[in-house]
Amino acid sequence: MARVLDVRGEICPYPMMKAVEQLKQLKGDESLEVLTDHAPALSTIPWEAAKLGYATTIEVNGRAEWRLGLTRDASASRDPSAVLERLSERLEQLGVAE
Amino acid sequence: MSVSVEAAPRGAALGWHAPPAVVVKVAAVLVAVALLVVITAADAGAGLFFAFGLGFGVILQRSRLCFASAFRDLFLLRDGRTMRAILVGIGLATLGFALLMSRSVPDPTAGALPNQAHVIPVGWYVVVGGLSFGVGMVVAGGCVSGTLYRIGEGYVASLVTLAGILIGLELAAHTWNWWWQAEISSAPVVWLPGFLGYAGAVALTVALLAGAYVLTLWRESGRGPRIPLRQKAELEPASVRGQVGRLYRRWFVTGWPIATGAIALAVLNVFAFTADHPLGVTGELGTWAEHLASLGGLGAGVLQGVDKLAGCNLAAGNGSTWLTSNFTLDAGLVFGAFVAAVLASEFKLRFPRQHVRYGQSVAGGVLMGYGAGLAAGCTIGAFFSAIPSLGLNGWLFGLSLLLGAAGGVQIIKRIP
């Protein structure tokens, strides 16, 4: 079961700040889903999440709306660049530049 | 914010896309072209600046170039990507501006200032304006140009910020005469070429920009991983149709890298200065604020010496008609961002769910409006156009923005 954080309607920097706040409260292998309609958050949240050891997946969730899945990933803290590389590829597929 | 423990329905997560609303996209472009034709027919100069405004809006929307985040994220995230892009853009504009100014004022030491360059006296009013603006843009979540382009993208809170900006500008107008008499009228104008010649002024400006760039890198160091910029290793399609489609996606669907946005804005700024005057967005808003206040009998009346200040002074939009180049630039900015958002399927009305955000929008807007009214400009007019104008005031405003943004970060950290 993932916690869901709905930050639709929020603009920078709140989506990122709230996601980080939630991530810090997660226990064990709990994961977090973030709903946002603010495109800039797609580059800030995964970045901060990687620092905390979370990998991010991004799904399009309708028009100008995205669902981010943040899951604990040991490799995220060990090798953040690989995680971010995959993410950068994904952002490109979705047509959202860094 | 709503946090729930149950998983959200999965059906919507499958990436279903509404079919591309081609009709809406074509209509948005056609309306932009039609407006451009009509405005140009009425007033060629206003039409040209409407075109610049459209470009301005497209650039900001596509690259999400946000001056507020450039300053804020240095403190909040130790992220300097946007600031570094802006510094490069300012450097590029500096070269273009210097060339233009050297044509209009061949001997910079003779005492005359180039017409329309954003050079104003240096004094505490610039510092107070920059501090107020810096706090305000962080609290509101965007500067004035950011507010205008987000209105075009459908952010409703940005309309509230705009109302705050108008209030702030009118407050600045009401205190203007005090500031004028207390300081501005006797404050020194420091135009670097007047002391150093053009070559020396450009060299000093570029050196200071390079120094700021290195300081930004220093600020970013030890901040953790970054998302790498990827080079696309895609095979170029052979057909013309494929090539055109690829270019369309790159420019109108995919977001631009932030550096592309900053460089494009610098080029646009040089074009605007070549045509008449550098980019600036708040001068027009100040005039609107005064017009609206006068309707309610709350106008500030005569502002002493205000037209002696180059750039976005509180009377910059004044004219016998509302169809001025300052107005069409702002209108074009909003409409350009709207068209770009529609083309990328990103236009959507967005309402903040927390009511405190509306309060932040008003308060941040008022602080920005007051700062911009006092210091004759915002992050664009008093910073992005002022440093390339080789005035010391641009640097002073920029440093004050930085301090203000640092203070703003402390405020937003305390607002849930």
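# Reasoning from contacts, bridges and burial

Student: Which residues does Cys378(B) touch, not counting those up to four places away in sequence?

Tutor: In this predicted model, Cys378(B) touches Phe133(B), Cys143(B), Val144(B), Ser145(B), Val281(B), Thr282(B), Met368(B) and Ala372(B). A pair is counted when the two C-beta atoms lie within 7 Å.

Student: Let's follow one of those partners. Where is Val281(B) placed, and why does Val281(B) count as buried?

Tutor: Val281(B) sits in the loop between helix H10 (258-275) and helix H11 (282-295) of chain B. The cut-off for buried is 20 or more other C-beta atoms within 10 Å. Val281(B) has 25 such neighbours, so Val281(B) counts as buried.

Student: Which residues does Val281(B) touch, leaving out those up to four places away in sequence?

Tutor: Among them are Val144(B), Leu148(B), Leu329(B), Asp330(B), Leu333(B) and Cys378(B). Val281(B) and Phe327(B) are 46 residues apart in sequence, and their C-alpha atoms are 8.5 Å apart in space.

Student: And what makes Gly168(B) buried?

Tutor: The same test applies, with its cut-off of 20. Gly168(B) has 30 other C-beta atoms within 10 Å, and therefore Gly168(B) is buried. Gly168(B) belongs to helix H7 (residues 156-182) of chain B, and its contacts include Gly365(B), Met368(B), Tyr370(B) and Gly373(B).

Student: What is the largest nonpolar core made of?

Tutor: A core is a set of buried nonpolar residues joined through C-beta atoms within 7 Å. The largest one here has 157 residues, and those with the most contacts inside it are Val34(A), Leu169(B), Met368(B) and Cys378(B). Helix H12 (residues 325-343) of chain B gives the most to this core, with 13 residues. As background, nonpolar side chains in soluble globular proteins tend to be buried together.

Student: Why is H12(B) called mostly covered?

Tutor: Count its buried residues: 19 of its 19 residues are buried, so "mostly covered" applies to H12(B).

Student: How do you know that chain B agrees with a compact globule?

Tutor: A compact globule of 416 residues would have a radius near 22 Å, and chain B has 22 Å, so chain B agrees with the rule. Along the principal axes, its C-alpha atoms fill a box of roughly 65 × 55 × 50 Å. Chain B holds 15 helices and one strand, and 54% of its residues are buried. Among its contacts with a separation of 6 or more, 84% join residues 24 or more positions apart.

Student: Over to chain A. What pattern does chain A follow along the sequence?

Tutor: The pattern is β-α-β-α-β-β-α-α, from four helices and four strands. Of its 98 residues, 55% count as buried.

Student: What makes E2(A) and E4(A) paired strands?

Tutor: Pairing needs at least two bridges. Strand E2 (residues 31-36) and strand E4 (residues 66-72) of chain A are joined by five bridges and run antiparallel, so they meet that cut-off. Along this pair, Thr36(A) has Trp66(A) as its bridge partner, and Leu35(A) stands opposite Arg67(A).

Terms used
Residues are numbered from 1 along each chain as its sequence is written. Chains are lettered from A and ligands numbered from 1 in the order in which they are written. This is a predicted model: local features need pLDDT of at least 70, side-chain atom pairs count only at pLDDT 80 or more; totals for chains, interfaces and linings use all residues. Helices (H or I, at least four residues) and strands (E, at least two) are DSSP runs, numbered from the N terminus. The radius of gyration is taken over C-alpha atoms; the globule rule is 2.2 Å times the number of residues to the power 0.38. A residue is buried if 20 or more other C-beta atoms lie within 10 Å of its own, exposed if 12 or fewer, and partly exposed in between; C-beta atoms are placed from the backbone.
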